[in-house]
Structures are given as structure tokens and as C-alpha cells.
Amino acid sequence: MLYRESGQFISDYRADRRLFRLWQERAGFYLLLVFAFAVVPFIANDYWFSAILVPFLVLSLAGLGLNLLTGYAGQLSLGSAAFMAVGAFAAYNFHLRIEGLPFLLSFILGGVAAAGVGILFGLPSLRIKGFYLLVSTLAAQFFVQWVLTSVGWFSNNNASGVITAPPLLIWGRDFSSPAGRYLLTLAVVVALALLARNIVRSELGRHWMAVRDMDTAAAVIGIPILKTKLLAFAISSFFLGVAGALWAFTYLGTVEPHGFDLTRSFQILFIIIIGGMGSILGNFLGAAFIVLLPILLSNLSGTVLAGLIDPGQLENLQKIIFGGLIVFFLIKEPFGLARLWQNFRERSRIWPLRY
Amino acid sequence: MSSPLLELSHISLSFKGVKAITDISFAVNEGEICALIGPNGAGKSSLLNVINGVYQPDIGDIIYAGTRLRRMQPHAAARRGIARTFQNIALFKGMSVLDNVLTGRNLKVRGSWLEQALHIGRAPGDEVIQRKRAEEIIDFLRIQPWRNSIVGTLPYGLQKRVELARALAAEPRLLLLDEPMAGMNHEEKADMSRFILDTQREFGTTIVLIEHDIGVVMNLSDHVVVLDYGKKIGDGTPQEVRENPDVIAAYLGTSH
């Protein structure tokens, strides 16, 4: 009843290929956009912007990047944070060393630099698969961090390798306030998420999924495996690179190479596992889970258990509960939160009937 | 009789010394249905794999559409118009039927990946063209109701049909079918035979197929090649093959 396609006749292929096919989806999407762009800036406070919304958006974008590679093209990677680091440090250097470079362009160039590094570390995927590939992407993780720490040039010879965000000026307007940083992040993430949604339903997306599901058959029907895999690494790393630049510039403000360590890569991997492989929406749900749940837990335990347990233990307890919840969710829904949403959608098509 | 589209001359293939195919030569005419039959392990699938470049023969040549080819790579074979299906279905199980059929058209797609990603230039128009052609194949094989179903959730018989659809979507000149009717019941076999004959008649596709059901083979094919232990023991029309003493011996056994 609530969500159904009856009465919506699609009479040409162009209409059938729209990004959002049903009016319910379109209306929902536009409402969400209006809410995020026009309402949230007025109702949220600085804490929400800086500590919750911006990291949520950036991690969603990072998840999106990894999901293109792993969920769609089937290539496992633990180098996500490395590509983020490349994006962040490259964007910083482009902005620093090229006079008058528009701010957004330095983000894009940062992404392009990350894509280049992604292709380089994607080369082993042509010969090895699965867990072995996962291990070889670890090389990216350690190598990039080592280079950024030991070559001073990348951080403009800062003693501790820290880069600091320049003022966020776009077309003469300052986006440095918490709300401004939120809006900037939101705009970039929305644009890239729409791009990703378009890619995965295009011919390129089909090539990725074909290689994921059965690469020998993909080769037999003429899909160029080498190009498909390397493009997956490049585009995934581009998304991760832009996410890294956002992480450094709009979220943290200052960042050192160690901000992009293996823990971050795991965090992004968890986002796509919890959110759902092979889904765009799943990245947002997964990132929300990863960002919001710990905050929720700490607030809850802070009020409920305050005084009963000492604060150090409380923090460990939170981690235990968090881990337990992840396990619980994956047992209940191994295909992630995106699948829960899909099931809900299927149900609401026929609601109030059962089947 | 038209000229041969495919000619195998003196093909031999071995795996680490185990001979799979020994000195096989035969020709397939343009527009005919050629059946490869023989007991298990006779080398039928290996021969198909040689034709579309999955295996490289130790010796021998393939003459395809007048060109002599020593070695063939799978994607080169695809580009020359050779499509195939597999004995144990090789579909992309996580994708919808429509997407699977569309992947079959990958060599016809115009527009670079950048145009596709940004939905600019040639890509938007091309997507519609490819979709139209894919829908024609879907109609042809009557799989419209499952267009948006995920392939992995479909029953076996339908998956076989989707795999044929993906192969046909490439508009092949030569279609290789590896046991298209394996594991099917009577009605499904009848349907599949119909689709194979229709393919030959409507698109003029040359078809090489492997099949165990002799009844089906005799009714369907213009030309039968019989293999046993990697060697060719019979080659001719169904009638000729049926009367060939070597074939009778291989299939029924002889008293020694």
C-alpha cells in the first residue's frame, strides 16, 4: 500500500533507467535532500555538526569507495585508509603548491592522485584473489603511511608530519564554521553518491559485478578483466581519496599520517559489512551504525551506570557491547542493514496484507 | 551446400601428458546445427574449449571464417563472433536476468567508461539501444516474467535459458552450446530444442552443441560428429552416423 508501483506505467527504457524509478523513491530522496540542506543547518548545534554529522558523512563516502571495489567488483582490500591518506595529503599539497587553485579542484586532484596509487596497488589483483589480495593491499596501508611519515615534503616539512587545513574558501565564501563544513561535506558526498549510483547501473557496473560473480565467464563473453579490475581500484580509490581530503579538511582540520592507520581501514570494512555489500544506501546505514552507536552507548552508560563502574571499565564495557551488537546484527541479517531496508520495502508494497 | 564457417584441422590437446584430443579434423558449415556426441570423457567439452580459446591446442589449426588461427584467446573469440554456454551454468548469479543478458552485449556497447560513469556523450543513448536489443532476446526466449529476478534464485531450467539468452545477446555467428539440455525434463528439453531451432532459423546462427540425448540429437542436428577417447570415430548426417559400425560399437559395445 505504502510503497508500490501499481499505476506507475513506464513506457520507455529511458524512464525505466532513472536513478529513482518510483515517485515514492524520488519524493523520499528530494525530501531528504531538502531536510539535509535546508532544515538541518538550522536545528543542529555545533556538537552535532562537528562530532556526528561530518564524520558520519565522510565515513559514508569512504564506505562507498570500498563498497565499489569489494561489494561490486569483488576485490577485497584493507588499504582503504592508505588511499584516504593519499587523497588528504595530495589535496593539501595541490592547494599549497599551486597558487589560486580552486578549493574543490584540489579535492578532485587529491582523488585523482589516490586513484593513481590505487591502480598501482591494484595490479596484484590481476594474479591473486580473495584473502591473498587482502594481504597484498596491506602493503599499501603500511607503505603509504611510511612514505608520508618519512618524506617531509608531503607535510611541507612539518616536524611531526601534521598537515593543517587551509581556510575553506569557495568562491569567496567561508565554509569554516561547523555548519559550513557540514554543508560542504554534504554537497560533495551527495554528488559522489549519485555518481556511484549511476556507475553501478551502467555498463561499467555490470562489468564489475560480472567479474565479481564469475571472472572466467566474464572473460569468455569478452569483458576485459584487466581494465575492469584496474578501473574498480581507480574509481574506488578516487572516492576514498576525496573522503580522505574531507576527513582532513572538514572534519579534523589537522591530521597526521597515523590518523589513517589500519584501524581506519578496518572501520571502513566494518561499515560495508554491517551496511551491506553491493549497496549504495548500505554505506550510509553502516556509517551511521559505526558513528552513532558508540555515542549512544556512551551516553546511555554515562547516565544509567554512572557511579556504579569506574570510567575506565565503562569504556571497555562499551566496546564489548558494541562488538556484541555487531555480531548480533550479522547473525540476524548477514547481508547487512541495506537488506533490512529492502525487506521493509518489500513488506510495505503489500501492506496491510501479509503476502 | 554453403562453405564451412569453422574448420578444425588435426587438433590435438593433452593435459600433462594425458591425451584429451587426438588429431581431430572436421568442418562445420555456415548455418548448420552440428552435434558433438560421445561417451563421457571423449573430449567433447575440451574441443569446445579449444574452439573458443579457453584451451590452446598442442598442434593443429582452427580455420574460422576463412582465417587460419593457431591460438585463440577467449576475448578474441568473443570479438570474432563466437559465443558459448557452459555445461554447469556460468551465469553471474548476483545479477538480474536483464543485467546478465546486457553483459552479453558488452562488445556492442559504445561510449567510454567515463561517459558511462557521468552519463554523458554516447552513453545515455547507447544504454537505450542495448536495452532494446536485450529485450528482444528476452522476448525471443520468453523469459520476460523473470526479467528483474536475481539469477541465483531461479530454477535450473530457467537458468539454462538465461545463459542461452546471454550468449544470443552477443549476436554470435557461431554459438557453442555445452549440454544445453543436461538435467532437464522432457518438456524443458522440447522447449530448449525449439529455441535452438528458432535461433538457427531466425538469426542464421551456426550452432555446435554437445548433447547426450541421442533422440534429441538425431532430430535437431544437420551434422553429427562422434568422439570416443579423444578420437573422431564418426562424422556425417544423423542417418549416416546411426549406421556407422564404429559408432554402434562405441555406444552399444561389440562382442569380441
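**Close-up views of a predicted model**

**View 1. Helix 4 of chain A and helix 10 of chain A make a right-handed crossing.** The structure shown is a predicted model. Helix 4 of chain A spans residues 80-97 and helix 10 of chain A spans residues 225-252; their axes come within 6 Å and cross at roughly 60 degrees. Angles of 65 to 115 degrees count as roughly perpendicular and those under 35 degrees as roughly parallel. Helix 4 of chain A and helix 10 of chain A are therefore described as oblique to each other.

**View 2. Residues of helix 4 of chain A meet residues of helix 10 of chain A.** Helix 4 of chain A contributes A:Ser80, A:Phe83, A:Met84, A:Gly87, A:Ala88, A:Ala91 and A:Tyr92. Among the residues that they meet in helix 10 of chain A are A:Leu240, A:Gly244, A:Trp247 and A:Phe249. In the contact of helix 4 of chain A with helix 10 of chain A, eleven residues are nonpolar, five are polar and none is charged.

**View 3. Four strands of chain B form an open sheet with antiparallel pairing.** The order of the strands is 2-1-4-5. Strand 2 (18-29) and strand 5 (67-69) of chain B are the edge strands, each pairing on one side only. From one strand to the next, the twist averages 20 degrees.

**View 4. Strand 1 of chain B pairs with strand 4 of chain B in the antiparallel sense.** Five bridges join strand 1 (residues 4-15) to strand 4 (residues 59-64) of chain B. B:Ile59, in strand 4 of chain B, stands opposite B:Ser12.

**View 5. Helix 1 of chain B lies across strand 1, strand 2 and strand 4 of chain B.** This helix comprises residues 44-51 and runs at about 115 degrees to strand 1 of chain B.

Conventions. Residues numbered from 1 in each chain as written. Chains lettered and ligands numbered in written order. Predicted model: local features only at pLDDT ≥ 70, side-chain atom pairs only at ≥ 80, totals over all residues. Heavy atoms only, no water. Axes fitted to C-alpha atoms, helices over the stretch in contact; angles between N-to-C directions. Helix = DSSP H or I, 4+ residues; strand = E, 2+ residues; numbered from the N terminus. Parallel < 35°, antiparallel > 145°, perpendicular 65-115°, else oblique. Left-handed = near helix turned anticlockwise from the far one by under 90°. Contact = heavy atoms within 4.5 Å. Nonpolar A, V, L, I, M, F, W, Y, C, P; charged D, E, K, R; others polar. Pairing = 2+ DSSP bridges.
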